[in-house]
Amino acid sequence: MNRRQFLHTASLAALAPTIAWGANPAENHPEQLARWLRVAEKLKPKLNETTVTPLKVVKPVADGAQFLRWRMETVAPAAKLGEWLLRDGDGAIIDFGGYVTGHFRFTVTPEGQGVDSPTRIKLTFGEVPAEMAGSFADYKGGLSRAWLQEEVITLDVLPATIQMPRRYAFRYVKMEVLATSPVFSVRLGGLRATALTSAGPNKSPLPGGAPELLRRIDEVSLRTLRNCMQTVFEDGPKRDRRLWIGDVRLQALANYDTFQNYDLVKRCLYLFAGLPREDGFVPACVFEQPKPARGHVYIIDYAALYAALLLDYARAAHDWKTARELWPVARRQMEILSQYVDKNGVFSAPAGSWVFIDWKDGLDRTAAMHGVFVYSLRQAQALAQAVGADREAAEYGKRIAELTAVARAQFLDSTRGVFTSGPQKQVSWATQAWMALAEIASPTEGAAALRAAQNLPDAVRPGGPYLYHYFVAAMLKCGLKTEARELVQSYWGGMVNAGADTFWEVYDPKNPMLSPYGDPMVNSYCHAWSCTPAYLLRSGGLL
Ligand code: RAM
């Protein structure tokens with residue numbers, strides 16, 4: 001089930017057992033949840049602001065040689081804009097020279113015989129040249145067209161200084177004068193962006209000798225992460241502008257190695273903890289505004305990974321107090337998910353639920369999800385040991401052994417040296433990655449399986465950076481450092497070479513128009529889960 005289908009599913013209530021959770025009733029007591037939300041609120045960061053001025057005026061040129069089909073040509077330095085008199089149908093595309101998440105302001109000055117009518121201006125903000133070239137009127141995507149960043153404003157009084165009300169995510173701004181009157185024109189000037197982030201300076205630059213391409217990949221990773229770090233770790237500052245477990249888990253890893261904003265991760269952990277479903281299951285995402293609220297979707301693998309998010313945090317921040325306090329949340333996810341192990345011992349997500357793993361049509365997710373669950377049980381076991389929950393630690397250990405034995409019996413094709421998934425015995429990169437990360441495969445088996453999947457032409461490849469990350473992590477775990485580095489260089493390096501100054505939500509080198517939402521215009525081109533080379537190049541062990 002993909003996200004669009006999921007949002008059209010009428011009710012999730014059927015998936016929610018109505019039992020109360022927590023051996024200790026205080027754990028899911030409304031007061032406890034409210035207290036956790038207060039902790040999250042106290043940790044809300046004040047954003048750092050930087051003023052950014054535009055670099056130049058550009059124009060998009062169709063170019064089949066470019067991955068995203070357009071390139072920008074310089075028209076004039078940005079300062080020239082103020083010299084131009086603009087009237088109906090005139091406009092300019094401004095390049096800020098780099099990605100900005102923040103606010104935009106500008107001035108409009110009239111020139112002529114007087115202002116005898118309102119002035120109408122259209123603004124379009126874009127992350128990539130294609131958004132400046134096409135018209136949003138042709139949008140065919142399944143997600144709301146309101147994600148596309150465009151505004152029409154009508155000014156009654158000139159001169160005017162306009163501070164646009166929304167926060168935008170952009171490198172380019174198209175400004176079009178739709179209407180003045182026959183007696184006056186306007187000049188646009190004073191263009192300024194205020195970039196926002198909760199990231200401070202990078203505390204850990206790459207070692208001097210790192211190869212050039214890896215340095216560039218790292219820079220783009222850091223820019224991606226910085227722009228996604230707002231009052232939570234957002235998935236994408238253009239879209240969805242919210243906190244998702246799968247995304248924050250990866251962002252947090254990159255953050256520990258670079259910006260080291262531990263409190264922001266802690267805030268996110270508390271937001272999920274304070275906003276569970278009635279039975280304690282954590283939502284896949286949460287909203288911050290107008291007040292913190294749980295998102296409307298549940299993703300089985302994301303809920304499992306809450307344990308990893310908590311354990312990584314406790315280790316990185318040396319904050320075992322928080323681990324102890326939020327341990328019941330991680331434990332509850334394991335309790336709920338354990339109910340989904342079927343009579344054959346295979347993790348079997350309930351019908352109608354959403355198992356994400358990757359944006360990839362046709363991917364059989366059974367084995368990969370089984371792997372995510374075993375991986376998460378391992379994280380939960382380490383947490384249990386650290387917080388003195390001996391009973392759970394032992395119980396998880398037993399379950400890990402059982403699930404591992406079942407997975408080997410069900411999924412391992414020892415003749416071919418790969419793990420398969422589903423009735424068609426599908427071979428995918430996803431399955432091999434999660435079998436290795438879950439330690440269902442030994443490092444030697446894992447290395448062979450990962451290599452085999454890469455070499456099998458009909459193996460289902462990843463659809464996006466989220467799964468590429470876990471595949472690379474699996475390679476590193478199995479000792480395939482050289483191959484892992486090659487993959488990072490070709491995949492993330494491919495985006496860099498295609499002109500990315502922030503990493504994209506989806507990238508398939510063979511399919512530039514790929515979109516999980518039916519239109520690449522609404523794809524996010526600065527996306528949380530794509531920033532992980534910053535981690536892989538540091539504690540990930542890629543260098
Ligand atoms: C996408 C979001 C996010 C991801 C979910 C599953 O739409 O952008 O990154 O976690 O879906």
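**Figure 1. Contact between the two domains.** Across the domain boundary, 35 residues of domain 1 are in contact (heavy atoms within 4.5 Å) with 30 residues of domain 2. Domain 1 comprises 5–47 + 199–536 and domain 2 comprises 48–197, with bounds that come from an automatic or database domain assignment. The C-alpha centres of domain 1 and domain 2 are 37 Å apart. The model is predicted: local features need pLDDT of at least 70 and side-chain atom pairs count only at pLDDT 80 or more, whereas totals for chains, interfaces and linings use all residues. Residues are numbered from 1 along each chain as its sequence is written, and side-chain values use heavy atoms, with hydrogens and water left out.

**Figure 2. The chain as a whole.** The chain has 15 helices and 14 strands; helices (H or I, at least four residues) and strands (E, at least two) are DSSP runs, numbered from the N terminus. Its radius of gyration is 25 Å, close to the 24 Å that the globule rule gives for 543 residues, so the chain is as compact as a globular protein of that length. This radius is taken over C-alpha atoms, and the rule is 2.2 Å times the number of residues to the power 0.38. Along the principal axes, the C-alpha atoms fill a box of roughly 85 × 55 × 50 Å. Of the 543 residues, 59% count as buried, where buried means under 20% relative accessible area, exposed over 50%, and partly exposed in between (1.4 Å probe, protein chains only). Among contacts with a separation of 6 or more, 76% are accounted for by residues 24 or more positions apart.

**Figure 3. Nonpolar cores.** A nonpolar core is a set of buried Ala, Val, Leu, Ile, Met, Phe, Trp, Tyr and Cys residues joined through side-chain atoms within 4.5 Å. The largest such core holds 156 residues, of which Tyr-306 and Trp-434 touch the most other members. Domain 1 and domain 2 each contribute at least three residues to this core. A second, separate core of 31 residues includes Phe-104, Val-108, Ala-160 and Leu-188.

**Figure 4. Surroundings of Tyr-306.** Leaving aside neighbours within four places in sequence, Tyr-306 is in contact with Ile-245, Leu-269, Phe-272, Ala-273, Val-282, Leu-326, Val-329, Ala-330 and Gln-333.

**Figure 5. Strand β9 and its partners.** Strand β9 (residues 184–197) is largely enclosed by the rest of the structure, because 11 of its 14 residues are buried. Two strands pair if DSSP finds at least two bridges between them. Strand β1 (residues 48–52) runs antiparallel to β9 and is joined to β9 by five bridges; Glu-49 stands opposite Leu-196 in β9. Strand β4 (residues 91–112) is also antiparallel to β9, with 10 bridges between them, and Pro-110 has Val-186 as its bridge partner in β9.

**Figure 6. The loop at Gly-82.** Gly-82 is placed in the loop between β3 (70–77) and β4. This glycine counts as partly exposed, at 30% relative accessibility. Not counting residues up to four places away in sequence, Gly-82 touches Arg-187 and Leu-188. Gly-64 is 18 residues from Gly-82 along the chain, and their C-alpha atoms are separated by 33 Å.

**Figure 7. The loop at Glu-234.** Glu-234 lies in the loop between α4 (212–228) and β10 (243–244). Glu-234 is buried, with a relative accessible area of 3%. Not counting residues up to four places away in sequence, Glu-234 touches Arg-167, Cys-228, Arg-241, Arg-242, Gln-251 and Ala-528.
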